[in-house]
Amino acid sequence: MENLIDKLIQNPIIPAIRDKAILEYAINSECKIIFLLHSSILTIKDEINMIKQKNKIVFVHIDLIEGVGKDEKGIEFIINCGADGIISTRQNLINYAAFLSVPCVQRIFLIDSQSITSGLKIIENSKPTLIEVLPGVIPKAIQRLAISTTVPIIAGGMIETKEEIIHALSSGAVAISTSKPELFSII
């Protein structure tokens, strides 16, 4: 995990890829890590290979991959395709990935103060490698999580400007994820 955190510190921008056109832009950016948020069982292996050929780390959001089961075998399939880690909102999938010693990102949606409390319980039970907090434009929520857990935080969702990146990072996030290509090389 140290190598992963070191890469995030070197470049805290993580492209969050939803389509192939942006994937090509991301793999040619200075970013070290890529989140693959949309694909299918038919194309996932090729997309992972494209990313890996550029010596980048790739996490696949298993909940969003068409045709892949959202279960233990789905995780095994994604890892066998070459992914370095998985992303999920589902605690049972994060638990299984952690059991396999696969780096995993627990995605948490913050909508109110109760969701922070619930999110902390999920983090404690699932033991993810990283947490992705959405939306990532709520510095107060990021700060509350950062002082309540030792798991590194990624701020994601709705980050559209350099100022929002700076706010998220100064609030305690180690990195941000964004689907905005114009932000991939901002830092």
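**Close-up views of a predicted model**

View 1. Of the 48 residues in the largest nonpolar core, the ones that touch the most other members are Ile17, Ile44, Ile48, Val60, Ile78 and Ile86. Before you look further, keep in mind that this is a predicted model. Let us pick out Ile44: which residues does Ile44 touch, not counting residues up to four places away in sequence? They are Leu36, Ser39, Val60, Ile65, Phe77, Ile78 and Cys81.

**View 2. Helix α2 beside helix α3.** Two packed helices are described by the angle between their axes and the distance between the axes. Here, helix α2 (residues 20–27) and helix α3 (residues 44–53) cross at roughly 20°, and their axes come within 9 Å. Because angles under 35 degrees count as roughly parallel, α2 is roughly parallel to α3. The crossing of α2 past α3 is right-handed. On the α2 side, the contact is made by Lys20, Leu23, Glu24 and Ile27, while α3 brings Glu47, Met50 and Ile51. Sorted by class, this contact has four nonpolar and three charged residues, and no polar ones.

**View 3. Helix α5 beside helix α6.** Now find helix α5 (residues 91–99) and helix α6 (residues 113–126), which pack at an angle of about 30° with their axes 9 Å apart. That angle makes α5 roughly parallel to α6. Is their crossing left-handed or right-handed? The crossing of α5 and α6 is right-handed. Gln91, Ile94, Asn95 and Ala98 of α5 meet Ile122, Asn125 and Ser126 of α6. What classes of residue make up the contact of α5 with α6? Three are nonpolar and four are polar, with no charged residues.

**View 4. Glu66 and its contacts.** Glu66 sits in strand β5, which covers residues 65–66. Its relative accessibility is 47%, so Glu66 counts as partly exposed. Which residues is Glu66 in contact with, leaving aside its neighbours within four places in sequence? The list is His38, Ser39, Ser40 and Ile41. Take Ile41 from that list: Glu66 and Ile41 are 25 residues apart along the chain, yet their C-alpha atoms are separated by 6.1 Å.

View 5. Most residues other than glycine have a negative phi, and most peptide bonds are trans. With that in mind, look at Asn55, in the loop between α3 and β4 (57–61). Asn55 is not a glycine, but has a positive phi of about 60°. Asn55 counts as exposed, because its relative accessibility is 69% and the cut-off for exposed is over 50%. Next comes Lys127, in the loop between α6 and β8. Lys127 is not a glycine either, and has a positive phi of about 55°. Is Lys127 buried or exposed? With a relative accessible area of 57%, Lys127 is exposed. Finally, visit the loop between β8 (130–134) and α7 (139–148), where Pro135 is found. The peptide bond from Leu134 to Pro135 is cis, with omega near -5°.

Methods:
Residues are numbered from 1 along each chain as its sequence is written. This is a predicted model: local features need pLDDT of at least 70, side-chain atom pairs count only at pLDDT 80 or more; totals for chains, interfaces and linings use all residues. Side-chain values use heavy atoms; hydrogens and water are left out. A nonpolar core is a set of buried Ala, Val, Leu, Ile, Met, Phe, Trp, Tyr and Cys residues joined through side-chain atoms within 4.5 Å. Buried means under 20% relative accessible area, exposed over 50%, partly exposed in between (1.4 Å probe, protein chains only). Contact means heavy atoms within 4.5 Å. Axes are lines fitted to C-alpha atoms, for helices over the stretch in contact, and angles run from 0 to 180 degrees between N-to-C directions. Helices (H or I, at least four residues) and strands (E, at least two) are DSSP runs, numbered from the N terminus. Angles under 35 degrees count as roughly parallel, over 145 as roughly antiparallel, 65 to 115 as roughly perpendicular and the rest as oblique. A crossing is left-handed if the near helix is turned anticlockwise from the far one by less than a right angle, and right-handed if clockwise. Ala, Val, Leu, Ile, Met, Phe, Trp, Tyr, Cys and Pro count as nonpolar, Asp, Glu, Lys and Arg as charged, and the others, Gly among them, as polar.
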